[in-house]
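Take a look at the model below. We will walk through its contacts, its core, a helix pair and its salt bridges.

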Amino acid sequence: MRDDSDTTWAEGPSPNGLREGASSEAALPSVLADPDEPFSWDHITPRTIDPSRWATFQRYMAEIFEEFGMDLDTPGTHRTPERFLRALFDSTSGYEGDANLLTAFPTECRGRPDCLLSQVIEGPIHFYALCEHHALPFFGVAHIGYVPHELIIGISKLTRLVRVFARRFTVQERMGVEIIDTLVRLLEPHGVAVHLAATHLCTQMRGVREDQSKTWTSFWRGSYESQPAMRDEFLQTVRVSRR
């Protein structure tokens, strides 16, 4: 086994949880600040891990990779345990955000209970997530539709909302529920729709090894549940955007 006594991994964590002096490949912030927000709601609780723990994790990963057959004594693989841990840390940055602090803005309804605006549909929003069952990626696109009442949300924030929940260990079903429940709670709209389509590597790289399958999930609230025509308009937009 290669010598893992080198402690440069544990020189000390930076604000984004990685050691100081890390390469630019790992030093980029996982979420970029948005000047339109009073604070970065999707990066409010940065994770930090004690440097000695980072070093321990790296040694564990080196042992596992070597036991599985990887030769770590090559220029291309010598730092693989370190890179793997950094990639995993960055891919789970969604735990640092709180979607309940997302900013909403008033519409022109001005308190009128009968005010009904047309639906807003955004997508495809590309996302990458890690399945909590095997820690293998699933990835795809999300479409979000909602019918505002007194509040709206910035269009770019819909993308960031999806990615806050995607950048965690999760499952597709939960991810859709988290997105739609957050929008219902935050905006109190007339209706919300969320559609997710994803490829799951846990079924393609292992298990049944399906090489073409995708998983679709749809979630409805409010007017999307009670008005089939609105649902059909949303789904038709989803279909057109996939062409």
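Start at H143. Leaving aside neighbours within four places in sequence, H143 is in contact with E122, G123, P124, A193, V194, H195, F234, V238 and S241. Contact here means heavy atoms within 4.5 Å. H143 lies in strand β3. Helices (H or I, at least four residues) and strands (E, at least two) are DSSP runs, numbered from the N terminus. Is H143 buried or exposed? H143 counts as buried because its relative accessibility is 1%. Buried means under 20% relative accessible area, exposed means over 50%, and partly exposed lies in between (1.4 Å probe, protein chains only). H143 and L158 are 15 residues apart in sequence, and their C-alpha atoms are 9.3 Å apart in space.

A word on the model and its numbering. This is a predicted model, in which local features need pLDDT of at least 70 and side-chain atom pairs count only at pLDDT 80 or more, while totals for chains, interfaces and linings use all residues. Residues are numbered from 1 along each chain as its sequence is written, and side-chain values use heavy atoms, with hydrogens and water left out.

Now turn to the core. The largest nonpolar core has 30 residues, and F127, M175, I179 and L183 touch the most other members. Such a core is a set of buried Ala, Val, Leu, Ile, Met, Phe, Trp, Tyr and Cys residues joined through side-chain atoms within 4.5 Å. Which elements supply at least two residues each? They are β2 (120–131), β3 (137–147), α4, α5 and β6 (191–200). Not counting residues up to four places away in sequence, M175 touches F127, F138, V162, F165, A166, T170 and L196.

Next, look at a pair of helices. α2 and α3 pack at an angle of about 115 degrees, with their axes 8 Å apart. The axes are lines fitted to C-alpha atoms, for helices over the stretch in contact, and angles run from 0 to 180 degrees between N-to-C directions. On the α2 side, W54, F57, Q58, M61, A62 and F65 take part; they meet T80, P81, E82, F84, L85 and F89 in α3. By class, this contact has nine nonpolar, two polar and one charged residues. Ala, Val, Leu, Ile, Met, Phe, Trp, Tyr, Cys and Pro count as nonpolar; Asp, Glu, Lys and Arg count as charged; the others, Gly among them, count as polar.

Finish with the charged pairs. How many salt bridges does the structure hold? There are six. A salt bridge is a side-chain nitrogen of Lys or Arg within 4 Å of a carboxyl oxygen of Asp or Glu. In one of them, R160 pairs with D42, the closest N and O atoms being 2.7 Å apart. R160 lies in helix α4 (residues 155–166) and D42 in the loop between α1 (24–27) and α2 (51–68), so the pair ties together parts that are 118 residues apart in sequence. Both R160 and D42 are buried.

D181 and R221 also meet in a salt bridge, at 3.1 Å from N to O. D181 lies in helix α5 (residues 172–187) and R221 in strand β7 (residues 215–222), so this pair ties together parts that are 40 residues apart in sequence. D181 counts as partly exposed at 29% relative accessibility. R221 counts as partly exposed at 28%.
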